[in-house]
Amino acid sequence: MKLETPSPHIAVVGHTNTGKTSLLRTLARDPRFGEVDDRPATTQSVQAIDLLDADGVAIRLFDTPGLEDALSLAALLHKEMAPGDDPVPHIQRFVEGDHGNGRFEQEARVLRQMLHSDAALYVIDAREPVLPKHRAELRLLAECGRPILPLLNFVAVDGANPDAWRSQLAHSGLHWVTAFDTVVFDFDAEVRVFDALAALLDAQRTRMQALVRHRREQRHAQLRAATLAIAGLLVDAAGLRTPLPKDAEASTAREALRDRLRQAEDDCVTLLLQLFSFELGAYQAPALPLKEGRWRLDLFDAETARALGIRGGSGAVAGGAAGMGVDLFSGGLSLGAGTVVGAAVGALFGLGEDLGRATLDRMRGQHTLVVAPDTLQILATRQLQLLAALLRRGHASQQPLKALSSGRHPAAIGRLLRRARAHPEWSRLNGGAGDSSAAERVRRQLAEALEAALQPDVTSAEAQPAASQVSGSVQYRPSSDPPPHAPARHDQ
């Protein structure tokens, strides 16, 4: 339903270097907005950015320069005020004048935007102590006659003292305070920001509720698309087969299979980053371990498995072909001798029973290269770690991605991968479409199991989605069909 009231204009204000631009980057899901730097006064001009809902612009936010000398400006303004004067006309004259002979240009830009806005978010670095300059800023901003919502930033880091700030803000008559860390993303905290704005601007309550509803639906759709992408990668990897005729060079075929799987994983990583509007190339040496969109540890390196806490279950994994990330199935072997499809496979994801005697009989007379089960577990673990990190990463973050616990691996993951491993026709890496109803059903069931494997606090924001917005249309695809780019909208 299109609302008749115009979208509210919100000024984002505060002392220099408190994270105002960072806040807008995270709220808008836009890591390119503005300039973020540790130097003071990075933002020199007022810049606007829109938050969108299903009907268009829900809120227009204005990034403003940092306040630097509110104490001196307040002294200048109050010289011209008589007791009991309305301060707003005095501030209007200051904004239209010479700004104290150019001394308070930064403050003039902020106050001008305050006068043209419906409300303000006063951004506070909660790691800083409460100082007289902060009280002066709050008094000066309050004299503009607009409601102010203090927002405590950087609350998720050591050294933050939000309680001290809440106490001092209450002394200034500001009892409605919200906390939102622009680096460590918390969807529920973001919702509380919009709820607080709705309380300040009652005429905008319906619009704020629509925005929150839209963002919940989007968030759940992102999570479902991400888990479907990972599920697609795992099903493709589990069913990947490369026939190897007798007397053929196994090392060449094995390396070709590895390259196909590495590329498939890279495609999945790229899609996950696009879904959440991140550009990993902008970050230095991430510790996830991702580098320029690729994992720093090789998928088939034994050290990768050790780094992720994955251990092989038999000597076949440690010393045989399976230990190199590729199993060699021989049709000429008896079931008893074929330990690479028995104990070694069963050690990880319980994949030991996926190829029965009938399947081996059909393979008699040739070898077939497949992906080893330890590699499948590495794939699942790494993608879940990446997804967990992306769900909690603010778009203002400039630090390397760090792996979060991906939680337990439900038994359903192993069960579904056993099915996929027995159906090579489901794998799109084998050259087919992999679009049968059975394959699609397994991918969706696997996506649900992967979502269940994430920690509850990571997915709490997705607890109440709108079913109509959950779509599987965005999926991982092999490199021959590259993943689509996420729409370049500010409301993602």
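Is R258 buried or exposed? R258 is buried, because its relative accessible area is 12%. Buried means under 20% relative accessible area, exposed means over 50%, and partly exposed lies in between (1.4 Å probe, protein chains only).

## About the model

This is a predicted model, in which local features need pLDDT of at least 70, side-chain atom pairs count only at pLDDT 80 or more, and totals for chains, interfaces and linings use all residues. Residues are numbered from 1 along each chain as its sequence is written, and side-chain values use heavy atoms, with hydrogens and water left out.

## The salt bridge of R258

R258 pairs with E255 in a salt bridge. The closest N and O atoms are 3.4 Å apart. A salt bridge here is a side-chain nitrogen of Lys or Arg within 4 Å of a carboxyl oxygen of Asp or Glu. E255 is partly exposed, with a relative accessible area of 32%.

Both residues belong to helix α9, which covers residues 250-275. They sit three residues apart, about one turn of the helix. Helices are DSSP runs of H or I with at least four residues, strands are runs of E with at least two, and both are numbered from the N terminus.

## Other salt bridges

The whole structure holds 14 salt bridges. One of them joins the side chains of R127 and D125, at 2.9 Å from N to O. R127 is partly exposed, with a relative accessible area of 41%. D125 counts as buried, because its relative accessibility is 5%.

Another joins R205 to D202. Here the closest N and O atoms are 3.1 Å apart. R205 counts as partly exposed at 33% relative accessibility. D202 is exposed, with a relative accessible area of 54%.

## Aromatic rings

A pair of aromatic rings is described by the distance of the centres and the angle of the planes. Rings of Phe, Tyr and Trp (its six-membered ring) pair if their centres lie within 6.5 Å; planes under 30 degrees apart count as stacked, over 60 as edge-to-face and the rest as tilted. By this rule there are two aromatic pairs. F180 and F185 form an edge-to-face pair, 6.2 Å centre to centre with 90° between the planes. The rings of F185 and F187 have centres 6.5 Å apart and planes at 65°, so this pair is edge-to-face.

F180, F185 and F187 make up one aromatic cluster. F180 is buried, with a relative accessible area of 0%. F185 is buried, with a relative accessible area of 3%. F187 is buried as well.

## A positive surface patch

Which residues form a positive surface patch? They are R415, R418, R419 and R441. Patch residues have over 30% relative accessible area and no salt bridge; like charges are joined within 9 Å, and nonpolar side chains (Val, Leu, Ile, Met, Phe, Trp, Tyr) within 5 Å. Accessible areas come from the Shrake-Rupley method with a 1.4 Å probe, and for residues only the protein chains shown count as cover. Lys and Arg count as positive and Asp and Glu as negative, while His and the chain ends are not counted. Each charge is placed at NZ of Lys, CZ of Arg, CG of Asp or CD of Glu.

Helix α15, residues 411-421, gives the most to this patch, with three residues. R419 is found in helix α15. At 33% relative accessibility, R419 counts as partly exposed.

## Two residues with positive phi

N17 has a phi near 65°, a positive value in a residue other than glycine. N17 sits in the loop between β1 (9-13) and α1 (20-28). N17 counts as partly exposed, because its relative accessibility is 34%.

F154 also has a positive phi, about 60°, although it is not a glycine. Its place is the loop between β5 (148-153) and α6. F154 is buried, with a relative accessible area of 12%.

## H171 in helix α6

Helix α6 covers residues 162-171, and H171 lies in it. H171 is exposed, with a relative accessible area of 63%. H171 and R135 are 36 residues apart in sequence. In space they are 9.8 Å apart, C-alpha to C-alpha.
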